Amino acid sequence: LVFVISMMAFTRNTATNLFPMILGLFLEIGGTGSRVITTLSNAGVCISISTIERLKKILSDDAKSYAIELMRGPTLSLSIFDNINIFLRKSQQRLFNKNNMIHATNAAIIALPDAPPGAENLEEKLKRRGLRANASGEDIKPTEDDDDKIYSSFEGLVAHMVIAYCPGSDKWEDREEMVKNADAKMPKDRPLPPKKTDARPLGVFDVDEGSKVGIITMLKKLQETSGLSEEEWSNKVRIVGGDWLTTSNLRSARRDRNTDVNSMERLEYVEDISQLFHFALNASHMLMRLHFGNAALDPGSLAKQKGLLNRTWDASKPNYADAKALIRHSLIARILYSLMLDQKMRRCSELAKWNPTPGDVSKFAENFVEKYANSTRAKDAKAVKDDHLAHSIYFIRDALMFCEFEHAVSHADAGRVLRILKYWSFSFRGAGLHNYARECLELILRWKYELDDALRKALEQSWFVNRWGLPGRWIAADLYVEQLNFWVKRVFIAKGSGVTVVYIIEKGSACVEIFRDISHKVERTFGHTDRSRRHKEVSTEQDLRLLAEEMMSAHLHEQTSDREILSAAKVNKNSKVTSPPQSMIFDSFDVGAKLLNGGKFTEFVRTTAWDPAIGYPIETAINAAQDHDVLINGSAFDAQDRNPIAGDEFNDLDDGDDLQATAALSGLGRPWRWG
């Protein structure tokens, strides 16, 4: 009836177009063709294409004004941006009509309402510059308390995974008590209270922020867009977030402008902060680089298990979701295999007969972490030349650390995040991934020496976004921007010749959240239930069974001497001396510790600390590629200077089960202890 009345009214008077306007916009953003919309418009069902385009421009301008209001307001905010690249393929190529790439930058403004009032004090920030010169190696070493909390979180993660994935676990009595016991093991440092985040897209800018010039131009664009003068913009701290490349270019530009004319030009007002999704993305690269291995030589390698499971993704072009799924499934299978050994069972299906008490689950988790996530146990295995067992222990430890990081992000606990970064500063360095090893050091030292309490709390809030205001539903702020990128270039992208940077800026970027909201509201109005959009994980039972039983047949966790995994002998090109084969299995943490203790930490401090006499050092650290021949396996994971894992597809950016709900169910083993 409403539909019929609307058609009749709109046909008689085009000013009565509220319902046709909403319906027309819904059809257009849903991908309906222009011919269909034109036909429906002629029938009085919706507005015309030209009116829809004008409406998109109005909505985009309103969204930008809403974000600018936050930039100009009294509430401290985070300005976060990331590059967005769109390839335009031309079917009929000419001199004036060629394939090309749009290189632009997408930005958002995120409110930090709980930031202390003094966080914007630029004078206080500048006073603390250079205090990292007092740092020592003790500042980055995990403490005994760090080890205890990591150990406890590993036990909680393992217990959660047993409860979730053990055959027959859905029938266990006292299951709720088991879950509570596992939750109690997870440490809580300083989690943010669950609250819906005020995040406002600012839209796309025609700027390539992938260089120092691009960064400076982007910061100038933000100032001009805000409507504030240069003096107003630069007289207080402005928090700017991005990935490693963004923050690295920003610091480099600030170093080059050390003696410029004012605070605006010297970029003194900018407090840059590397965001967490890209840490996770690079941690997955580290895990795959260290543990992908050789399928023919190592029965516990990820390469071997990828083949067993017939995972057909290309190792030369990996993506985040597939790499992380392989890591997680391998971990769960190792836990189930160890449970089979503990219960003296040979088949995974026999675990369905196990009916544990809450104490039994907790005890198994403790024993598993102590036995199979402990670096000392790996060294014991190395001592008898059992590389199969040693590699599995190192993998379990590293994977659990990754899972603890994701769990900490999903609960917005900055204390736990910073604890993980301590360990990763060594592991990244040991794996030859220098950029993020240095970024871990940057954050650790800045937190301790160069931030006051107010700015420290503001930066910790700037890491997280919660769309729903629910506990355990936090995501990294840069993941939010990556999701905006996805909506801009994959969902609400224009058609045909409309794909231009001007069109995207004016009608297709700042308003994507409005488009999503309208789409869901129209669906609900017409009875399409807006069910939870978090997906359920496809059953992994058969995959886990296959992996666990394969490990059982390989006796992976039964210490056996003389199971070395050796690299080929190497001939020195200059001396012609042949070096003997060496073990391909090593502890990345120990290697990283030796490198940092051998001068890399001192070099980092020397090349990044601000000096009152000369400003920022002109010299920068030289990170020559580390010779990790034993890690070279012919896959994309051999790369050290870039992350080969793509993270821009829907499954990579989805904040459903993979990124949050099962974050508590995807961890690994015991950490390394400082003796």
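Among contacts in the protein chain between residues at least 6 apart in sequence, 77% join residues at least 24 apart. The structure is a predicted model. Its protein chain has 675 residues, 56% of which count as buried, and its secondary structure comprises 27 helices and nine strands.

**Surface of the chain**
- The protein chain has an accessible surface of about 29200 Å², and carbon and sulfur atoms account for 52% of that area.

- Helix H2, spanning residues 18–29, contains Phe 26.
- Phe 26 is classed as partly exposed because its relative accessibility is 22%, and buried residues are those under 20%.
- Leaving aside residues up to four places away in sequence, Phe 26 is in contact with Ser 519, Val 522 and Glu 523.
- The C-alpha atoms of Phe 26 and Phe 515 are 7.9 Å apart in space, although 489 residues separate the two in sequence.

**Positive phi at Asp 174**
- Asp 174 is a residue other than glycine with a positive phi, near 60°.
- This residue, Asp 174, sits in the loop that runs between helix H6 (144–165) and helix H7 (175–185).
- With a relative accessibility of 45%, Asp 174 counts as partly exposed.

**Positive phi at Ala 412**
- Phi of Ala 412, likewise a residue other than glycine, is positive and near 50°.
- The loop between helix H17 (387–410) and helix H18 (414–430) holds Ala 412.
- Ala 412 counts as buried because its relative accessibility is 1%, and the buried class covers values under 20%.

Technical notes. Residues are numbered from 1 along each chain as its sequence is written. This is a predicted model: local features need pLDDT of at least 70, side-chain atom pairs count only at pLDDT 80 or more; totals for chains, interfaces and linings use all residues. Side-chain values use heavy atoms; hydrogens and water are left out. Helices (H or I, at least four residues) and strands (E, at least two) are DSSP runs, numbered from the N terminus. Buried means under 20% relative accessible area, exposed over 50%, partly exposed in between (1.4 Å probe, protein chains only). Contact means heavy atoms within 4.5 Å. Accessible areas come from the Shrake-Rupley method with a 1.4 Å probe; for residues, only the protein chains shown count as cover.
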